[in-house]
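Work through the exercises below with the sequence and coordinates open. Each task is followed by a solution in steps.

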Amino acid sequence: SKQEDAKLELRETSLAYFSEISKILKSGMAPIFETVLNQIIKSIENEDESKRDKQKETNDFSLESDSEEGEEVVGIDIDTNFIDEKSSAIHALGNIALHCPGLMLPHLEKVVNVLMEVGFYLHENIRYHVCLTLTQVAFGLLKFFTGRADND
């Protein structure tokens, strides 16, 4: 629905906003860090319920025949707004890990576990952002442990 698409686009834009402000605020994100991180993780873990429900409705098993007359074979239906929100969340996580490594450190195990869960996702854009984000996590840790975390 258009309303659901608008919500996905708004969340994607919000995630991009927090991704960008992490570059400026760095450790100054502390007051909002956990709230932002929880929303990012929620967006990454979120499954596209509307598409799954539609698939259940349209892919019901039938004993009537092997194929329907005029039936078209269709591939996987992917909601690009959903993919965009998920990749934006992963991208935001990477930027925040890079620019706020001290804040991210206590949450690192959870973050890496979430990334590993989506690391083999169907859509290549998601897989790309997971690889990039894991690299940003590593560079954030390098900056943190060499004392350069707030000196960009």
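**Exercise 1.** Compare the end-to-end reach of α7 with the expected span.

Solution. The model is predicted. Step one: α7 covers residues 124-145, and its residue count is 22. Step two: the expected span is 1.5 Å times one less than the number of residues, which gives the 32 Å expected for α7. Step three: from the first C-alpha to the last, α7 reaches 32 Å, close to that expectation. Beyond the helix, α7 is followed by glycine 147, with a positive phi near 75°.

**Exercise 2.** Determine which residues of α7 are buried and which elements they pack against.

Solution. Step one: apply the cut-off of under 20% relative accessible area for buried residues. The buried set in α7 consists of Ile126, His129, Val130, Thr133, Gln136, Val137, Gly140 and Lys143. Step two: these residues lie on the same side of α7, because they cover an arc of only 145° around the axis. Step three: they pack against α4 (80-99), α5 (101-104) and α6 (108-118). Step four: turn to the face directed away from the buried side, where the exposed residues Cys131 and Phe145 are found.

**Exercise 3.** Repeat the analysis for α6: which of its residues are buried, and what covers them?

Solution. Step one: the buried residues of α6 are Leu108, Val111, Val114, Leu115 and Val118. Step two: their arc around the axis is only 130°, so they sit on the same side of α6. Step three: Glu109 and Glu117 are exposed on the other side of α6. Step four: the cover over the buried residues of α6 includes α2 (30-45), α4, α5 and α7.

**Exercise 4.** Classify phenylalanine 144 as buried, partly exposed or exposed, and identify the surface patch it belongs to.

Solution. Step one: phenylalanine 144 lies in α7. Step two: its relative accessible area is 31%. Buried requires under 20% and exposed over 50%, so phenylalanine 144 is partly exposed. Step three: Phe144 forms a nonpolar surface patch with Leu105 and Phe145, and together they have about 280 Å² of accessible area.

Conventions:
Residues are numbered from 1 along each chain as its sequence is written. This is a predicted model: local features need pLDDT of at least 70, side-chain atom pairs count only at pLDDT 80 or more; totals for chains, interfaces and linings use all residues. Side-chain values use heavy atoms; hydrogens and water are left out. Patches are made of residues with over 30% relative accessible area and no salt bridge: like charges are joined within 9 Å, nonpolar side chains (Val, Leu, Ile, Met, Phe, Trp, Tyr) within 5 Å. Accessible areas come from the Shrake-Rupley method with a 1.4 Å probe; for residues, only the protein chains shown count as cover. A salt bridge is a side-chain nitrogen of Lys or Arg within 4 Å of a carboxyl oxygen of Asp or Glu. Helices (H or I, at least four residues) and strands (E, at least two) are DSSP runs, numbered from the N terminus. Buried means under 20% relative accessible area, exposed over 50%, partly exposed in between (1.4 Å probe, protein chains only). The arc is that of the directions from the helix axis to the C-beta atoms. Contact means heavy atoms within 4.5 Å.
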